[in-house]
Amino acid sequence: MPRSVLLLFGPSGSGKGTYSKLIEKKYGMKHLSVGDILRSEVKTGTPLGLQAKTIMEKGGLVADQLIIDMVRSRVQQPDCSAGYILDGFPRTLGQAGAFQSLVEEYGDHFLAVLHLKVVDEMIVKRLAGRLQCTNCGMSFHVEENPPKDVQKCDRCGEQLFHRDDDKEGAIRRRLEVYHRQTEPLVSYYTGQGMLEEICNVGDIDDVFARICSLIDRRQEGLRRS
Ligand code: AMP
């Protein structure tokens, strides 16, 4: 059976990780965060991690070919057999072209690109106060969604940390890179009829309900075609 594939699109801090996890739980598609995979490569000091480290700290983008090879090999793992959600990929037109070839090669069902829209100042506020779990990747916010213990993850009990690239200078640099290199993908995917816009403001349950109805509608459309 063809695998279902979703892309979660938007700047860091737009909620891609949060909603990817909820979608994974409800629909069974594997959540793949390219940023999390890269951070674990950096932590273990692999050749890819060594190349990515400084670029990531400065808020730039890791070279397309390294990312494309990494995604290509990751989506072949057995845990992606029911489908997968890519969070943070593609981020350039080059990556989008490579992703299209990959979907065609594997005969996957590309469902949609979910574009999470949040204004820049809200992103800065969210990321500057973000705490992330070293183990399960769960995110918290010091004011809006505080963990019970500022050191520990409510979900798995492991250590929380504030990312080096979640400091204001790096956040603004990432936003600038996003607008310049990643935002052109909005018109690319609009042209393909794949883009679904989601205004990510308000209650998490409401936003997730809107996301689910979009996914259900896309899945229904595929079943009929
Ligand atoms: P994220 O966790 O999605 O905010 O990603 C953290 C950092 O990883 C980014 O600021 C980039 O340096 C790098 N990164 C993540 N995804 C990609 C990608 N698709 N292409 C290039 N670099 C990426």
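Colleague: How much space lies in the largest cavity?

Modeller: About 60 Å³. This is a predicted model, where local features need pLDDT of at least 70, side-chain atom pairs count only at pLDDT 80 or more, and totals for chains, interfaces and linings use all residues. Residues are numbered from 1 along each chain as its sequence is written, and side-chain values use heavy atoms, without hydrogens and water.

Colleague: What is a cavity here?

Modeller: On a 1 Å grid over the protein atoms alone, a cavity is a set of points where a 1.4 Å probe fits but cannot get out. Its volume is the space filled by probe spheres set on the points. The count comes to 1 cavity of 30 Å³ or more.

Colleague: Which residues line the largest cavity?

Modeller: Lining residues have an atom within 4 Å of a point. Among them are Leu-8, Phe-9, Lys-16, Arg-91 and Tyr-178. Strand 1 (4-9) and helix 7 each supply at least two lining residues.

Colleague: How are two packed helices described?

Modeller: By the angle between their axes and the distance between the axes. Helix 7 and helix 8 (residues 184-191) pack at about 40 degrees, with axes 5 Å apart. In contact (heavy atoms within 4.5 Å) are His-179, Arg-180, Gln-181 and Thr-182 of helix 7 with Pro-184, Leu-185 and Val-186 of helix 8.

Colleague: Which residues of helix 6 are buried?

Modeller: Buried means under 20% relative accessible area (1.4 Å probe, protein chains only). In helix 6 (residues 120-128) they are Ile-123, Val-124, Arg-126 and Leu-127. Their cover includes strand 5 (130-133), strand 6 (139-141) and helix 7 (168-182). Helices (H or I, at least four residues) and strands (E, at least two) are DSSP runs, numbered from the N terminus.

Conventions
Buried means under 20% relative accessible area, exposed over 50%, partly exposed in between (1.4 Å probe, protein chains only). On a 1 Å grid over the protein atoms alone, a cavity is a set of points where a 1.4 Å probe fits but cannot get out, and a pocket is an open set with protein on both sides within 12 Å along at least five of seven lines; lining residues have an atom within 4 Å of a point. Axes are lines fitted to C-alpha atoms, for helices over the stretch in contact, and angles run from 0 to 180 degrees between N-to-C directions.
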